Amino acid sequence: MLIPELDIFVGNVFIIDWEIFKLWLDGHECPSAASILQQRGSLMAGATMDMLHGDVLDHYRSFSTLERLLEVPTLFVEQRVLQISPNDQTDIIEKYYDFDDAVMRELIGKKPSSKLRKELDDVCEKTGVLVRSCRRQFDNVRRIYKQVDEMTGNVLDNIRQQFLLPDPLARRYAAILFLDWVRFETHKRKLAHLTFNDFFVCADGLLRHWADEECELDKEFFQDLREIKAILEREKEAKTVTLRKLEGGRLSTDAAGDLTQNFRSLFRSLVNIATGLYRSRELKDLFIDLQEKIVEPCKCARWTQSDMESFIAAINFDASEIETFRRETDLPILWRRYLRAVGPCILQLFAS
Amino acid sequence: MPGKVKVRVLAGRNLPVMDRANDTTDAFVEIRLGTVTQKTDVCRRSLNPQWNSDWFRFEVQDDAELQDEPLQIRVMDHDTYSAHDAIGKVYLSLSPLLAPELISRADTAPAGSAGGPSVISGWIPIYDTLHGIRGEVNVMVKVDLFSDFNKFRHSSCGVQYFSSPCVPAGHCVQAMLGFVHELVVNDDPEYQWIDKIRTPRASNEARQTLFSKLSGEVQRRIGVNVIEAGGNAVIGYRQCFDLEGETGIVVRGIGTAVSLVRTEARPSSPSPLSRQPGSGRDRDSDPCGSPHLPQPPAAASAASVPAVGAAGAPAAASVGASAGAPVGVPAAHTTSVEGSDSGDKLSRSLENDTNFKAPSSTTSSGADTKLLAQLVTTSAQQRGQQQDNYESAEFPFITLRTFPSGFITHIGGTVSARSVKLLDRIHHPEESETRDAWWAEVRTEVRSHCKSLACNVVLGYEEATTIWDDVCVLSAYGTAATVNFAALGLSEPLAAARCDSREVRSALRLDASLTSQALVILEEPDSSVSNCAPCHLPYSQGSAPASALQFNCAVCRKSKVPDVVFSTIEPPGGLPVTGRGCLVQARVCREKADVKSEVLAKEVSDRLPFLEYELHRQLLTKLRILGMNALFDLTIQLSIGEEIMVAVATATAVYLSALPPPVVPRVTSAVNDSADRLAETQRRITETVASNREAFNISDQDESGRTSDEESEDEEDKPELDLAAGNKDACILEMDDTEDADLLSMLMSRPPPELFDLVSTSSVPGVPERLLLDDRQLFTRIVRTKLSSASNRQLAQTVEKIIQGLYFKLRKLAPCALCGLRFSVDLPEDDEIQISVYGAALSVSAPLSKQASLRSAGAENGSADGTGEGPVGDRSAGRAGSVTGALKTQNSLWRGDYDVIITPLPHVTGGKVERWLGNLNFFFIRECTGLREVGGLNGFMQDLITEVLAVVRAHVTSLGGNALVSYFMSQCVLLPNPHKNQAQCLVNVGGDAVLVGHAARSDDG
């Protein structure tokens, strides 16, 4: 078959073919996209494979024009080189900046450096997502990271305004940036089974309760949390209160038995994690600590998800319940704030 | 007229990084008009500079300069130590700002609400010939003209230009003043010695600037003629750039000079009736207000003009190729000016006549118009005078393709003339006489063809050149017809009279007796609204050559009609059509010797007649196989290459109810042993014809209006059968060898798939316009491929494949109708062919082939055209300024609100033109020195076309518009040099900028 030296099709209006756009986002090269479309039966009667191929090429060329513009979404909506309807503009940005959880799982907690970009082949191998798509996702993170890093003010708003992303997606990016900034340990073997969404839920919780709008963790709070150590003096009292609150079959037999025996170690781990957070090293290890010291022992003891939920609710002591708290009134506030973020993290890790 | 141009440069955005060291740009802007240049301050270190300049003023002594010179805005990067770097340029034509508001027929029109734009303002892409679009600049431009009432002025300021080949919506032609033409020649900067030492950018820009200037100059010169003739506008304006290479460039303009008035008292008032017939949007707004049903046959003869006897060729294409013996320029006619000089401001003094140049003078002035010089009046007598003047003019040509109902009395057929010329160097750029004389010859020939068909005017007139090496073929063609000038503006007062006779009287106060007079004449065209007269032969029965076939008209049964009609115009409104129209194309490819100069000229002129004959034969056969009997909107593309010549004729085939049903082509063969194959082929042809008739809803004719007269029906059928045996015109296909067999299979090209309709006309003939909902997309496809052999078959396959590709590319918009298709064919290299096609994809609610209402479409067309009434609901919208807003709020999702619509059609489907904002014409040059880096030729061209459209849209927006109608793309010259990793492309685009509102479509079911 003779391939024309030149064969282009240009419209005054940029009418996007979402199906081909998706294939492009997924990183398919032109021939593979064409054969996928063919398998889906996109050839009408009378159409030939080279028409389909040409069509995909036309779209791919305009997508690469689009891609240059999409680097700065605010310019993209202002540009008039391609005439795109306002609805399509929004959808295009959202789809371009959307990502695969599996790929993002590999990227979180690492600085988006050129070195990391070179390792995308591994990510591709691991996730089955084509390397072109991995690169796009990585470049998007890096772009947002670079831009938002230099800005002050509300991170979520910055992402929304600079990249014109819808709220849920902006929130996910905020969590990604947060995980990167703090450099949380997310890649240890013990955490390997966790998904991106697990980390998103955890990070989102930490952001909500421990950080300000600039995603800066409340260092003062961590310093204050050291005072929580005092509660360990009243460990017995805490145990009694907890067990009393969990009476009446709120725990499964396995968990109830385990808790009576191991309350001390669980409780101490929780408190130790809290008091260590002021050291950035331990902060980075938050997830691994929670996993190793809380989630795994309980899983070994065959706790159920609802056991864990009840337990977290039960140890959320208020000022009246523990003697220490009655004396030092700011301690229960610290403790409850600590648990508000850590509690959902534990539950999320436990569920996975 | 002296004038003042005021320019403000507000800001730039998204500029490229020019200073790599710190990733910024120190931008400033140079504004240049003619020889004067002014500058803004430098805005340091910003890609989004804010200049917020004061008004820069340019004082111009002569408005000619304003018309010729584009305003050049050049964005530069300031460099302290070396030369400033160019970022890019914007060329702004000032002519849209020079057009005054046209006189409105109604006094009530609020001033300034509906005239041309008063300011150019907005973001315009900065274009660089080496990099394409590089950011945008926000400018504001105003022009103040100091009108001095100098009697001796030769100013052509204020003449409006419309590319649209029809009377612009909202306007009415008061007088049609004649064919105007002008050409200027110049050296092409690309071939000047200085080009060897200047940079590619400087060279490209010199060219772009020159082209822009020449284009302005041609317009201005035409304008002078128009004003001398007492007109104020040119419609059907076409401008061409002939790139002759070494010998220079020629810019030609042709058009129809008219005196135009606005018809709308308020933009919200009843819509204009001067809108092209066949445009059904008028009707849409008032579906039941047009009581006109197809006229009974008896009424049809009312409008027929006494036929003039003449020896005419059959009403098919009359072709001729002249190798160029000079034809004597007809002696100058004496000018006769109507006596009733009413002191109209457009009148001119006879003394000026002495300044007129003869037709063959150096500037090729439009000689016809001054012969037609007359007052702008609407009296019917004067229209009669106008008709006489037009008919006796040197070139009674009209470049429009769409006409008011009743204007065309008879269509004679297509006439064309070609002339092969040898180009030689133009020594004095000021002397354009050679080219003028050439064109005069060709035009004279067309005129004589027209006369021999007993016709008095040529409609849908076109001119084109084909250049290869130093040989140039001039082609001119059009449709010979007889017309009735009395019908020109009449539909308008008619409707106005219906709405408010008082308004009419005040509007037409030029002539007190006018109203009554006009109303009397109204009867005539009105009764002929749905008649079949245009189909009738313009000459009497006896005078026709014996070979010409004649039949009784199937509608009125009185007059004679030919068996087939070929024409270059849109189907006249009201003409009864059966079924739907569809695209038909003939493609001929011939080998030619690779010779030079005189030998080449000889070679070309020897081959041309064969090419044309073959073209005609193909068209006729294809038409018959489609089961149709008329061609409209015929265009012919001729292209010459090193070893081949190609001609492509594109038209829309229609079944005219008045004409006899086409004969099924017969196959014969001189070879005896192929009887089986012959029978088989004959069967296939018959089947194809039948399936085509079904596909295009061409039902059995006997149902519709034919049954009334059984006897004549029989009489009609008999001669057909006889003629089929012996007459050449009865369509007999010879199949003597395999090549012929191949040809036959090629002739039976597939009809478009069910979901698509394909036509070259501005709407689908036989389909009421209300079924065409929305102008969804302007598409451009450019293919350049190897032609492995110089055979018709290979060419046909290539083009068919491109068409098939269109269906595929537009599959997600289906069902849709692809209208206004324009093809162009070039043979850039020895075995390469470049084919460009563009058109409008109109959305339809269901495939047209499925819509039951089509059967009565012809009748519907007839009833509504020319008498359609304006949108009733719009009246509530009230005063001018609020109309756009009011229309917008009716449907906030209409794409005209956020998109700039570009369409090759003269109207926006689904919209209503509210203001005409000026004619745009751009010449882009783009060069690329990193072809591979931009994705090869495909990437280069896709970017170029995308950016060209973006620049056009921005200019439309800056004039306050939201659409460009009658869009054209010509001269897409691509010069690739893959070995050097380079390419260059020239492209000429343009059209009419308009503001459209969303048409109320409440009546749509």
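The following conversation works through several features of a predicted model.

Q: How many disulfides does the structure hold over all chains?
A: The number is zero, counted over all chains of this predicted model.

Q: What about Cys472(B): which cysteine has the closest sulfur?
A: That sulfur belongs to Cys240(B), at 11 Å, so it is also too far for a bond. Cys472(B) is buried as well, with a relative accessible area of 2%.

Q: Let us change topic to strands. How many residues of β2 in chain B are buried?
A: Strand β2(B) covers residues 27–33, and six of its seven residues are buried.

Q: Which strands pair with it, and in what sense?
A: β2(B) pairs with β5(B), residues 71–77, in the antiparallel sense over six bridges. β2(B) also pairs with β3(B), residues 36–39, again in the antiparallel sense, over four bridges.

Q: Which residues stand opposite each other there?
A: Val29(B) has Val75(B) in β5(B) as its bridge partner. On the β3(B) side, Leu33(B) is opposite Val36(B).

Q: What happens between β2(B) and β3(B)?
A: The two strands form a hairpin with two residues between them, and Gly34(B) there has a positive phi near 65 degrees.

Q: Now the helices of chain A. How do α12 and α20 cross?
A: Helix α12(A), residues 196–210, and helix α20(A), residues 330–351, have axes that come within 9 Å and cross at roughly 175 degrees. Their directions are therefore roughly antiparallel.

Q: Which residues meet in that contact?
A: Those from α12(A) include Val201(A), Cys202(A) and Leu206(A), while those from α20(A) include Tyr338(A), Ala341(A) and Cys345(A). By class, the residues of this contact are nine nonpolar, four polar and three charged.

Q: At what angle does α18 of chain A pack with α20(A)?
A: Helix α18(A), residues 305–314, packs with α20(A) at an angle of about 170 degrees, and the axes are 10 Å apart. α18(A) is therefore roughly antiparallel to α20(A). Among the residues in the contact are Met308(A) and Ile312(A) of α18(A), together with Leu339(A) and Phe350(A) of α20(A). This contact has seven nonpolar, two polar and one charged residues.

Q: Back to chain B. Where is Leu656(B), and what does it touch?
A: Leu656(B) lies in strand β22(B), residues 644–656. Leu656(B) is buried, with a relative accessible area of 1%. Leaving out residues up to four places away in sequence, Leu656(B) touches several residues, including Cys535(B), Leu575(B) and Phe632(B).

Q: One last topic: what is the order of the open sheet of four strands in chain B?
A: The order is β29-β31-β32-β30, with mixed pairing. β29(B), residues 901–902, and β30(B), residues 911–928, are at the edges, each with a single partner strand, so one side of each has no neighbour in the sheet.

Q: How do β31(B) and β32(B) pair?
A: Strand β31(B), residues 963–977, and strand β32(B), residues 982–998, pair in the antiparallel sense over 11 bridges. In that pairing, Leu974(B) has Cys985(B) as its bridge partner.

Q: Which helix packs on the sheet?
A: Helix α3(B), residues 200–228, packs there and touches β30(B) and β32(B). The direction of α3(B) makes about 145 degrees with that of β30(B).

How values were computed:
Residues numbered from 1 in each chain as written. Chains lettered and ligands numbered in written order. Predicted model: local features only at pLDDT ≥ 70, side-chain atom pairs only at ≥ 80, totals over all residues. Heavy atoms only, no water. Disulfide = S-S within 2.5 Å. Buried < 20%, exposed > 50% of the residue type's maximum accessible area, 1.4 Å probe, protein only. Pairing = 2+ DSSP bridges. Axes fitted to C-alpha atoms, helices over the stretch in contact; angles between N-to-C directions. Parallel < 35°, antiparallel > 145°, perpendicular 65-115°, else oblique. Contact = heavy atoms within 4.5 Å. Nonpolar A, V, L, I, M, F, W, Y, C, P; charged D, E, K, R; others polar.
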